[in-house]
Amino acid sequence: MKRIWLTGASSGIGAALAEVLLEQGHQLALTARNTAPLKQLAMRFPDQVLLVPGDLLDSLQVKQIGVRIAQHWGALDQVIANAGTCEYLEPEHFDAALVSRVVQANLFTASLTIETALPLLQRGHAPHLVAIGSSVTFLPLPRAGAYGASKAGLRYLIDSLRIDLDRQGIAVTLVSPGFVDTPLTQRNDFPMPLRWSAEKAARHIAQKLERRPYEVAFPALFIACLKLLGHLPKHWQLAVGKRLARPGQES
Ligand SMILES: NC(=O)c1ccc[n+]([C@@H]2O[C@H](COP(=O)([O-])OP(=O)(O)OC[C@H]3O[C@@H](n4cnc5c(N)ncnc54)[C@H](OP(=O)(O)O)[C@@H]3O)[C@@H](O)[C@H]2O)c1
């Protein structure tokens, strides 16, 4: 039984992962801004859920979450920094504010989560830091500049922290999902090949995390294609990207 802090637990991958981990008997501290789904989980698993709602963009709120976890559990065995979002850039109108929003929502929230979690992990059993990145980091895709930049930043942060935290015995895993059917991707207006359900993704992530690997990337075929294309010369990557762009967007 682990003491796990899971962020972004109100929806999508996080909500499905909460279900799986609670069914496995773990203790979960759950964070999101929308409290209703968290309260429903707390009612179903009253002995296992610690409600720590809040806005992960607000450093004070995140610190208070840390204090609450420390008071209740004294330590953490695992943190899963899952909270995040996606917005796409329009090619005709580059929007720096959008880039800032997405980087804040994905990289800064994860950083605040890590800052708060680390002292608690240092007191935990077989401590494990997990962040949800994205397969977008394997290949540049049209309109995904802001999202990809935030997740590429997260990838570097996590890969670097793995080195820094090794001496403290804290394992570090980056999860890189392909397309998963969640409220986030239901907004997309383009084909999403090999899209998994949130439940399937959550079961896969939970099972893979047990071995504390460096990276969990799925679905395997989708990842293999992205990695292959990502190794092509840049002019071929440009040609592939233009084929993927929306009609009228490729010039
Ligand atoms: N779905 C995919 O295909 C896919 C693929 C690759 C990577 N990912 C990544 O997987 C993670 C989960 O995505 P999802 O698809 O499950 O999206 P989702 O259904 O929109 O869930 C996002 C979660 O993050 C929380 N969140 C966002 N900003 C927050 C903030 N400032 N403070 C607290 N909580 C915040 C949301 O809760 P509240 O709104 O209630 O605060 C929600 O619980 C994200 O990091 C995403 O980038 C998703």
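**View 1. Helix 4 and helix 5 cross in a right-handed way.** Keep in mind as you look around that this is a predicted model. In this close-up, the axes of helix 4 and helix 5 sit 8 Å apart, and the angle between the two helices is about 20 degrees. Angles under 35 degrees count as roughly parallel, so helix 4 and helix 5 are roughly parallel to each other.

**View 2. Here helix 3 meets helix 4.** Helix 3 covers residues 59-73, while helix 4 takes in residues 96-121. Their axes come within 9 Å and cross at roughly 25 degrees. That angle is why helix 3 counts as roughly parallel to helix 4. As for handedness, helix 3 passes helix 4 in a right-handed crossing.

**View 3. Helix 1 packs against helix 6 at an angle of about 55 degrees.** Helix 6 is made of residues 198-209, and its axis is 8 Å from the axis of helix 1. With that angle, helix 1 and helix 6 are oblique to each other. The crossing of helix 1 and helix 6 is right-handed.

**View 4. Now for the ligand and its neighbours.** There are 29 residues around the ligand, and the ones that come nearest are Ser-10, Ser-11, Arg-33, Val-180 and Thr-182.

**View 5. Zoom in on some oxygen atoms of the ligand.** Val-180, one of the residues that come nearest to the ligand, has a polar backbone atom 2.7 Å from a ligand oxygen. Asn-82 also uses its backbone: one of its polar backbone atoms is 2.8 Å from an oxygen atom of the ligand. With Tyr-147, look at the side chain instead, where an N or O atom lies 2.8 Å from a ligand oxygen. So how much of the ligand does the protein cover? On its own, the ligand has 870 Å² of accessible area, and the protein covers 91% of that. Two elements give two or more residues to the shell around the ligand: helix 1 (12-23) and helix 5 (145-166).

**View 6. Check out the cis peptide bond from Phe-218 to Pro-219.** Omega for this bond is near -10 degrees. Where does Pro-219 sit? You'll find Pro-219 in the loop between strand 9 (215-218) and helix 7 (220-230).

**View 7. Arg-143 has a positive phi, although it is not a glycine.** The value of phi at Arg-143 is about 70 degrees. To track this residue down, follow the chain into the loop between strand 5 (128-132) and helix 5.

Terms used: Residues are numbered from 1 along each chain as its sequence is written. This is a predicted model: local features need pLDDT of at least 70, side-chain atom pairs count only at pLDDT 80 or more; totals for chains, interfaces and linings use all residues. Side-chain values use heavy atoms; hydrogens and water are left out. A residue is near a molecule or strand if one of its heavy atoms lies within 4 Å of it. A polar contact is a pair of N or O atoms within 3.5 Å; within protein, one must be able to donate a hydrogen and the other to accept it, and residues adjacent in sequence count only if both atoms are side-chain atoms. Accessible areas come from the Shrake-Rupley method with a 1.4 Å probe; for residues, only the protein chains shown count as cover. Helices (H or I, at least four residues) and strands (E, at least two) are DSSP runs, numbered from the N terminus. Axes are lines fitted to C-alpha atoms, for helices over the stretch in contact, and angles run from 0 to 180 degrees between N-to-C directions. Angles under 35 degrees count as roughly parallel, over 145 as roughly antiparallel, 65 to 115 as roughly perpendicular and the rest as oblique. A crossing is left-handed if the near helix is turned anticlockwise from the far one by less than a right angle, and right-handed if clockwise.
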